[in-house]
Amino acid sequence: MSDLYQHGTGDILVERHDNGVLQITINRPDRYNSLTLPMFEEMNQIWADVERDDQTRVVVITGAGKAFCTGMDVAQPDPTPQDALAMLETERKRVATMLRIEKPIISAINGPAVGYGLSTALLADISIAADDAVLIEGHTKVGVTAGDHAALIWPLLVGMAKTKYYVLTSEKLTGAEAERIGLVSLSVPREQVLPRALEVASQLARGSQQALRFTKRALNTWLTNAMPQHELSSALEILDFAGADYAEARQAFREKRPVDFPSARTAGAPAN
């Protein structure tokens, strides 16, 4: 595969198909394809590689096993302030690159997509979800701002009312419900997700590449014009990493108990 895509550890697989389709597979099925800190930078580099890859016409991204991607692996050590700042810059580049890449990106959402995973799925140009896939924005459940995509893409896809409901509550949707409200492009039975995504990718790979790329460029102006909103929400999310609510959420996960957010105990409490 030339010198591209040769910088990983095996946690993200990249495969070329004969028709100009590139398949990216997040490959930690035993951890529901959650990401370690190094994987955030690896994925960012892969998107940069895609942008300069002359052999690729269309990209399909999916997950190994039963999940698409469930976001950051909260079992890993807590990120340091330096880790959080590095992640902010990595995420800014990742989102900007996904929107700038002129090749169509298709997400094959074969299972749960949470946080970063849902961000990657929804920032794709075409999203195909399993009918029973669980989709959760998820950030507020762990005490952080919904920063990696929600302020950017959700209102454009489903309107502000649905956005505020699902993003503030972190209530889960199925793939079928996500298609009904316009959050994803299509929902299909689970076993058809990747074949359908590859079928659509093959169709696009045979199309007028100039017309497709120029069309994507024009449509994504809606998103690139809103990048300041994304950068603000991402910065607020990084600030939350240093907060007591996030620390409590991680500890509760490790202890397998409900979260007791400190801010919910104190905010709005009546004065004595």
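Q: Hi! In which sense do strand 4 and strand 6 pair?
A: Parallel: in this predicted model, strand 4 (residues 105-109) and strand 6 (residues 126-130) pair over 4 bridges in that sense.

Q: And which residue stands opposite Ile106 in strand 6?
A: That's Ile126.

Q: What holds paired strands together in general, by the way?
A: Strands of a sheet pair through backbone hydrogen bonds, in either a parallel or an antiparallel way.

Q: Zooming out, how many strands form the sheet, and in what order?
A: There are 6 strands in an open sheet, running 1-2-3-4-6-9, with mixed pairing.

Q: Which strands stand at the edges?
A: Strand 1 (12-16) and strand 9 (186-188) do. Each has a single partner strand, so one side of each lacks a neighbour in the sheet.

Q: What about the twist?
A: From one strand to the next, the twist averages 20 degrees.

Q: Switching to helices: at what angle do helix 2 and helix 9 pack?
A: Helix 2 (residues 81-100) and helix 9 (residues 227-240) pack at about 155 degrees, and their axes are 10 Å apart. Angles over 145 degrees count as roughly antiparallel, and helix 2 and helix 9 are therefore described that way.

Q: Is that crossing left-handed or right-handed?
A: Helix 2 and helix 9 make a right-handed crossing.

Q: Nice. Which residues meet there?
A: From helix 2, they include Leu85, Leu88, Arg92 and Val95; from helix 9, Met227, His230, Glu231 and Ile238 are among them.

Q: How do the residues of that contact divide?
A: Between helix 2 and helix 9, the contact has 9 nonpolar, 2 polar and 3 charged residues.

Key:
Residues numbered from 1 in each chain as written. Predicted model: local features only at pLDDT ≥ 70, side-chain atom pairs only at ≥ 80, totals over all residues. Heavy atoms only, no water. Pairing = 2+ DSSP bridges. Helix = DSSP H or I, 4+ residues; strand = E, 2+ residues; numbered from the N terminus. Axes fitted to C-alpha atoms, helices over the stretch in contact; angles between N-to-C directions. Parallel < 35°, antiparallel > 145°, perpendicular 65-115°, else oblique. Left-handed = near helix turned anticlockwise from the far one by under 90°. Contact = heavy atoms within 4.5 Å. Nonpolar A, V, L, I, M, F, W, Y, C, P; charged D, E, K, R; others polar.
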